[in-house]
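Work through the exercises below with the structure open. Try each task before you read its solution.

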Amino acid sequence: MFPARYWREMPQRYRLEAGKCKRCGKVCFPPRLVCPKCGNRTFDTVRLADEGVLKTYTVIRVAPSQFTGQSPYAVGIVELDGGVLITTQVVDILLDEIKLGQRVRVEFRRVQEDGSAGIICYGYKCVPAA
Amino acid sequence: MAGIVGYGAYVPVHRIKVEEIAKVWGADAESYKKGLALVEKSVPSLDQDTITMSVEAARNALKRAKIDPSLIEATYVGSESHPYAVKPSGTVVSEAVGTSRNTHCADFEFACKAGSEAMFVCVGLVNGDTVKYGLAIGADTSQGAPGDALEYSAAAGAAAFVFGKEDGVAKVVATHTFMTDTPDFWRREYEYYPRHGGRFTGEEAYFRHVATASKQMMEKVKMKPQDFKFAVFHQPNGKFPMKVGEMLGFKREQIEAGWLAPILGNTYSGSSPMGLTAILDVARPGDMILMTSYGSGAGSDSFVYEVTKKIDEVRDVAPKTRQQLDKKRYVEYGVYAKFRGKIRMAD
Amino acid sequence: MREVAVIGVGMSEWGELWRKPMRDIFVEAALAAIDDAGVDKIDSMYVGCMTSGLFVGQEHLASMMSDYLGRSGIPATRVESACASGGLAFRLGMIEVGSGVSDVVLVGGVEKMNDVGGDGATYALATAADQEYEVYHGVTFPGLYAMVANEHMARFGTTRQQLAHVAVKNHKHGSMNPRAQYPYEVTVDGVLKSVLVADPLRILDCSPITDGAAAAVICPLEMAKKISKKPLVKVTGSGHSTDSIALHDRHDLSEFAAAKRAAETAYKMAGVGPADIDFAEVHDCFTIAEICVIEALGFVKRGEGGKAAESGLTALGGKIPVNTSGGLKSKGHPVGATGVAQIVELTEQLRGESGKRQVKGARRGLAQNMGGTGGSSVVHILEVA
């Protein structure tokens with residue numbers, strides 16, 4: 001991955017920074033320039049909650065090349081407390097123990113790397129909460 | 001005088017038992033377990049490294065510190081397994097936890113002493129009023145060569161401390177250091193696994209430096225072993241810290257609270273700092289703690305802490321170190337080899 | 001707007017076409033459609049293609065295809081909306097004819113997917129999802145649909161067997177289609193024992209990787225009445241809608257709202273409802289997709305899509321046969337061509353040319369083509385004129 005592309009998303013990947021509409025309060029992740037709910041164009045920067053609930057998931061068994069070393073791995077859609085949904089890997093759990101609706105917590109992990117000589121791309125993954 | 005305002009540890013969930021490693025190399029597990037006084041070690045997943053563990057430990061430390069991360073003006077990550085040879089780990093950690101952009105940031109390396117170096121420098125900067133808060137981290141995902149004695153102990157973990165000019169949870173009573181040039185353990189540039197001097201890593205290396213730094217420290221603060229409630233020494237295995245403690249006149253009970261190696265392994269730069277976090281998890285206000293690290297090459301940093309009342313307020317705010325150690329999943333050698341990048345993959 | 005008729009349809013060979021370059025595959029389908037229409041003059045053309053840049057490193061496709069078709073100089077436009085590229089190309093061609101700008105328009109779709117390895121195809125297809133917030137985390141397309149499936153199963157009690165029944169039905173239909181890439185039947189047990197790709201989806205729940213093209217010639221209905229020697233087929237409804245491309249941005253993770261909205265538009269334009277549709281071609285890129293789509297189209301109630309294939313409702317001879325061609329599942333899924341190939345099947349069925357898989361008395365058919373996980377959807381209704 002070209003560094004600039006990874007770098008510009010760091011506030012989201014590292015700190016879960018989102019935009020909260022100043023008019024209607026809708027929280028957008030990643031931040032947007034136009035509120036999809038009310039059309040307003042001004043936002044405050046907020047950080048998403050670091051816990052949530054697993055809404056749906058799958059186990060990827062045929063993985064893209066950057067992820068083949070990790071497969072099989074679980075990817076899910078997590079509704080973070082506050083209502084924003086994110087797509088993320090679910091790790092540190094046996095694949096057959098994952099349950100829809102379970103509480104998960106965000107951790108900082110390596111997500112992918114650009115070969116052994118390229119940049120390492122970090123970001124959020126979820127682990128079982130407590 | 002500076003104090004520890006917040007502390008936190010991070011332990012990966014995976015473990016491998018000594019037996020599982022010994023099986024692969026046809027070695028005698030019992031003699032390794034006895035000789036190293038450890039039964040298992042932590043293993044990082046493919047998606048964990050010094051940076052990710054540092055971030056998690058730092059987040060735990062910040063939860064306990066209860067300060068705005070943007071007030072942190074120094075971030076130091078000590079490790080011998082920084083993911084990049086060139087490019088700092090500390091910048092990632094700083095961005096991830098949200099420190100000030102004017103944070104002074106550096107990576108340290110001094111074999112297993114890099115974490116305590118970060119702490120030492122933070123104490124100095126806080127005491128000198130150069131920074132308001134400093135974040136010091138010791139973390140490693142160390143590798144021992146397959147089949148080497150080190151493979152049974154080289155583990156992964158991180159400890160982070162926020163230092164500030166307030167008593168915090170523990171006052172820093174004194175710092176001290178001792179070093180010589182002693183090539184007992186090293187890794188050359190571009191080499192994947194470290195080399196070591198075998199038995200030469202003992203008496204003239206670990207024991208000399210840890211004992212000298214600790215003794216000089218006790219003389220400096222005019223304290224005796226019995227004045228301390230707890231002591232933690234670098235833990236390259238389960239045996240050495242107990243032995244050096246005994247040499248110095250400490251009792252087993254003083255060392256046991258921070259003695260993690262038997263079930264964690266050697267987390268290198270994270271070793272004695274993680275032991276300190278386990279001690280703070282159980283310490284009472286007024287308790288005195290001696291911590292002495294060791295880094296091959298060689299040197300030891302020594303610290304004396306006095307626990308304050310605030311410890312009772314923050315202890316339960318983040319996961320305790322032994323709680324994390326209790327949460328574990330064993331892996332077989334094949335998975336361990338995959339996690340540690342020991343399998344040759346297609347390009 | 002002028003009424004629009006489909007006067008010619010054609011397809012190239014579909015499959016792993018190792019010996020054929022993309023340009024020839026397209027031209028093969030276009031010539032078949034032109035010959036079927038019996039016209040000389042093409043005023044304009046559209047080429048639906050998702051990502052020839054990633055599959056064969058070739059962009060600037062419309063000009064190249066018009067040149068190789070021997071029509072260099074005509075206005076030619078490439079249309080991209082992921083896997084809905086073909087359906088959208090057809091809609092734009094229809095609008096161009098309907099508006100009076102052009103009379104005879106060729107609409108084609110093409111994809112050459114086997115010039116990259118499996119990993120290259122996975123990468124190329126995943127570009128239809130959100131690169132920074134889905135694909136970055138290791139999601140694949142089967143993975144996204146697998147998440148839809150798990151949600152649908154947990155919420156509505158849809159079973160793993162019901163998913164398999166979609167594949168069984170579509171392969172049975174495909175076994176009667178000489179142009180299908182995999183024209184053989186599969187069993188429920190065979191699907192359930194096939195290799196897992198992304199839980200709960202197995203390889204036989206997934207549409208294949210296909211090289212292929214499809215094309216249609218359209219013109220004003222009034223002109224068609226004069227020049228066409230074939231039974232006349234007209235376009236009576238067309239709808240197109242978009243949605244967030246990231247699945248996690250949907251308020252409902254297993255409802256394809258874009259398909260629902262596109263269908264509502266098309267039904268309204270045609271003045272009909274779901275009950276008036278005799279048969280349909282829908283976007284079954286994965287078995288779960290057909291289940292969710294027939295709900296969105298109103299053929300069954302929300303949550304009841306799983307029962308349709310199992311009960312025979314959507315089989316040939318059932319109340320509303322779905323994917324008589326074999327669907328993407330059996331016929332193949334050259335992504336940019338799929339939407340146009342659906343029009344080919346509808347046209348042939350309405351003309352009564354579908355042989356063993358002919359829907360008896362077919363008067364009105366619906367085609368639904370979808371991009372990504374439903375980030376775009378195009379619906380057309382075709383009727384016997």
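Predicted model: local features only at pLDDT ≥ 70, side-chain atom pairs only at ≥ 80, totals over all residues.

**Exercise 1.** State how much area is buried between the two domains of chain C, and which residues of domain 1 lose the most.

*Solution.* First, count the contacts. In domain 1 of chain C, 47 residues are in contact with 41 residues of domain 2. Then take the area. About 3,400 Å² is buried between the two domains of chain C, and carbon and sulfur atoms give 70% of it. On the domain 1 side, C:Trp14, C:Cys83 and C:Val233 lose the most area to domain 2. Together these residues make up 20% of what that side buries.

**Exercise 2.** Describe the polar links between the domains of chain C, then the make-up of the domain 1 side.

*Solution.* Begin with salt bridges: the rule finds two across this interface. Separately, look at C:Arg351 and C:Asp36. Their side chains meet in a salt bridge, 2.9 Å from N to O. Now widen the search. Between domain 1 and domain 2 of chain C, 14 residue pairs are in polar contact. Several elements of chain C each supply at least two residues of the domain 1 side, including strand S1 (4-11) and helix H4 (85-99). H4(C) gives the largest share, seven residues. Finally, sort that side by class: 27 nonpolar, 14 polar and six charged residues.

Notes:
Residues numbered from 1 in each chain as written. Chains lettered and ligands numbered in written order. Heavy atoms only, no water. Contact = heavy atoms within 4.5 Å. Buried area = accessible area lost by both parts, 1.4 Å probe. Salt bridge = Lys/Arg side-chain N within 4 Å of Asp/Glu carboxyl O. Polar contact = N/O pair within 3.5 Å; in protein donor to acceptor, adjacent residues only side chain to side chain. Helix = DSSP H or I, 4+ residues; strand = E, 2+ residues; numbered from the N terminus. Nonpolar A, V, L, I, M, F, W, Y, C, P; charged D, E, K, R; others polar.
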